[in-house]
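Subject: A structure for you to look at

Hi there,

Here is the structure I promised to pass on. Please open it alongside this email, and then read on for what turned up in it.

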Amino acid sequence: MSAKSIEIMVCMGTGGIAAGGDLVMDAFYSQLKAAGLEANVQKGCSAHKVGCRGLCAKDVLVDVIVDDNKATYEYIKEDMVERLIEEHIKGGKPVEEWLVKEDYHNFHDKQVKVVLADCGNIDPESIDAYIGVEGYKAQEKVFKNLAPTETIEIIKESGLRGRGGAGFPTGFKWELCFKNESDQKYIICNADEGDPGAFMDRSVIEGNPHSVIEGMAIGAFSFGASIGYVYIRAEYPLAVERLYLALDQARQKNFLGKNILGTGFDFDIKVKLGAGAFVCGEETALIASIEGERGMPRAKPPFPVNSGLWGKPTVINNVETLANIPAIIRNGAEWFASYGTEKSKGTKVFALTGKVKNSGLIEIPMGTTLRTIIFDIGGGIENDKKFKAVQTGGPSGGCITEDMLDLNVDFESLAKVGSIVGSGGMIVLDEDNCMVDVAKYFLQFTQSESCGKCVPCRIGTKRLLEILEKITIGEGTAEDLVRLEKLAKDVQSASLCGLGMTAPNPVLSTLKYFRDEYEAHLEGRCPAKACRQLLTYTIDAEACTGCGACKRACPTGAITGEKKKPHALDQELCVKCGACFDTCKFNSVGRE
Amino acid sequence: MQSQTGFKLATSLDELREVVDKYKDTQGTTIPILQDIQEHFGYLPEEAVEWAADRLEIPRSKFYGVATFYSQFYLTPRGKNIVTVCSGTACHVKGSEKILNRLTRDLNLPEGQNTTDDMIFTLEKVNCVGACSIAPVVIINQKVNGKAAASKIALQVKKLGKEEDQA
Ligand SMILES: Cc1cc2nc3c(=O)[nH]c(=O)nc-3n(C[C@H](O)[C@H](O)[C@H](O)COP(=O)(O)O)c2cc1C
Ligand code: FES
């Protein structure tokens, strides 16, 4: 054994762990030890939930670094570790067929990583690892060399806009708070991440919690807050754990606490666990929740910068917004503003999911086209099906169709076509997805998450949902479509907070671009064959080989037949679950 | 059921007292207290909530207002095995509803009920567990199953049920 150093990095995010990352890690530990090899096995990946490097669909991803030569493997299981050690580490020859393929590189080549730069490269549980990549340098600079107004000016010049959805310029928000005289101010990090298809905030906290803490400390110092809160979903246990750990480490090194870095400035951060309510992501509701109340929004103004937590001036920023701050301070406003478009600067992290080949977490300069995102980075549609639409902005967003794929992704362009950047969920839909069903899905979500305070949202979303349900079971009428559209617009204009105001967006945008699909449902047809009640399953006696797979799969005993003889399906008993269709290998189950 | 929770409460009152007292004189404590009580009992027994409210001199109605608002709180006991089907967007477009329907039927759960009568299973859905790239996701007793197929998950649940029978 001639190698001087061996380093193994195993992706241990939620995705990595689900794929067996901890087993792989254990296998490396025990087998390297048994072989008497000195190695440093670390939890190298951090953005992990999504897999460290964003591509957690290929988990478990493992880096093997021998004397600074790095090879990355995909789909590693614990029983593959032995061969990796024998051939690569001992033998010096990488196992070619397990190495990542071209699509892994395509996935990364068009990305620009600012927020995710160190996610997946450093151990999120070690503050020294963060300091090793210039971590807390920005905080030192701000605390020791910059006047608060100078810091705020840099953030303003960078053009950074809030990543939590609304896109409000961060520097201006800080300045407003700075100008408010008060004995007490607060900074809150919004890590509620309520959009049900987004996970970038979680990845950032799991992968690089110190960057968020540093961003908060910089903000606090510049506008004079002495207490900070991170409001984080309790559903994110790994992120919560790493956040607590990071806070402790930051206190030990005096980046938090009393008399920080000898400046006389005191600042500390508390953690509040969210209890599962989408509306609590809205800033005024979030404040109510921290105060221990039901998380209901209130009318604005007053805005939180004037009257926020316990009536004091409060800045609320999203996780990703804050994670951008240290990099901006380190590299300058100009550097940040060199990415992106005229009005949307910098990069944005998206959760690219759904029917796309390389699904995962991506970071791209604002202004990148959807085509680049879905087809170059994402590698195109899974199983080579036909692209239908991409949904952005989650329950508050809309759908974008094929003819708009060359659209630049930035705040303005998406708004123009009836969608939003939102928090960064990007869900790719293919020909098998029914757009009415997608609209219904989001309405179900917003309806159940409506806090009930204002009538347009509470009752309006319920009525909208009822109409959509009627349509998906084939009982809708032409008048229903008219009512749907009118009511959607009413709810949009009359609701109290952003939840209600944006809840109709998925309906309006699908109605606009996929009206024909709605109309087909009125005739009792679901073109995508997704709406259960509109389907009938049949078995083609000619094609059926009598293998019995469907019979075994059928949960209600609706399928009968002898072995090797064509089977039959009893429509009375059929619950249309589609299990037979999914199991049949001979295409003999029909679906109309 | 009633006496059982009463009993449970009595044996752990000291611990609960500790839990509750650490929140005295601090602001915004309703949610953390409920979270702690739930952590302790697995759900929010009426007696425990009322006892804590009285001890902290916070109106009981406030506790209930909060407990019913947030989806994380359970007002009834939960089953021994928790099966969580992710119903986030990514999972939905990849067929999570099929899985949910299948399990609901297999476990004989009537509409509006999510715990089996024998208290062996609780079936619940959540919004996005943050592992969208391996959608659809089903979590069985905290173990994350990615790219889940309805039939495989149904089999796992059936096996768990059998083990319970033998135990
Ligand atoms: C219904 C609703 C849900 C929201 N959810 C979130 C969320 O989960 N995370 C977030 O950062 N902002 C969310 N927001 C936006 C916040 O109200 C607020 O604008 C944001 O946290 C400000 O931070 P930023 O300026 O850094 O974007 C939500 C808004 C609404 C109306
Ligand atoms: S939608 Fe299921 S994990 Fe995100």
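Let's start with one residue. A:Asp59 sits in the loop that joins strand E2 (40-45) to strand E3 (62-66) of chain A. Helices (H or I, at least four residues) and strands (E, at least two) are DSSP runs, numbered from the N terminus. A:Asp59 has a relative accessibility of 5% and so counts as buried; buried means under 20% relative accessible area, exposed over 50%, and partly exposed in between, with a 1.4 Å probe and protein chains only. Its C-alpha atom is 8.7 Å from that of A:Ala18, although A:Asp59 and A:Ala18 are 41 residues apart along the chain.

A word on how to read all this: it is a predicted model, in which local features need pLDDT of at least 70 and side-chain atom pairs count only at pLDDT 80 or more, while totals for chains, interfaces and linings use all residues. Residues are numbered from 1 along each chain as its sequence is written, chains are lettered from A and ligands numbered from 1 in the order in which they are written, and side-chain values use heavy atoms, with hydrogens and water left out.

Next, a helix. H13 of chain A covers residues 319-331 and includes A:Thr321. Eleven of the 13 residues of H13(A) are buried, among them A:Val319, A:Leu322 and A:Ile325. What holds a place at the N-terminal end of H13(A) as its cap? That is A:Asn318, with a side-chain oxygen 2.8 Å from the backbone nitrogen of A:Glu320. After H13(A) comes A:Gly332, which has a positive phi, near 95°.

A:Thr321 itself is buried, with a relative accessible area of 1%. Its side chain reaches the backbone nitrogen of A:Arg163 at 2.9 Å. Leaving out residues up to four places away in sequence, A:Thr321 touches A:Leu160, A:Gly162, A:Arg163, A:Gly164 and A:Thr170 (contact means heavy atoms within 4.5 Å).

Now for the cysteines. How many disulfides are there over all chains? The count is zero, where a disulfide is a pair of cysteine sulfur atoms within 2.5 Å. Take A:Cys434: the closest cysteine sulfur, in A:Cys531, is 3.8 Å from its own, so it is too far for a bond. A:Cys434 is buried at 1% relative accessibility, and A:Cys119 is buried too, at 6%.

Finally, have a look at where the two chains meet. On chain A, 56 residues are in contact with 38 residues of chain B. About 3600 Å² is buried between chain A and chain B, and carbon and sulfur atoms give 52% of that; buried area is the accessible area (1.4 Å probe) that two parts lose on being put together, summed over both. In chain A, the residues that lose the most area to chain B are A:Ala275, A:Arg294 and A:Tyr441, together 17% of what that side buries.

Three salt bridges cross this interface of chain A and chain B (a side-chain nitrogen of Lys or Arg within 4 Å of a carboxyl oxygen of Asp or Glu). One pairs A:Asp582 with B:Lys98, whose closest N and O atoms are 2.7 Å apart.

Enjoy exploring, and write back with any questions!

Best wishes

Terms used. A polar contact is a pair of N or O atoms within 3.5 Å; within protein, one must be able to donate a hydrogen and the other to accept it, and residues adjacent in sequence count only if both atoms are side-chain atoms.
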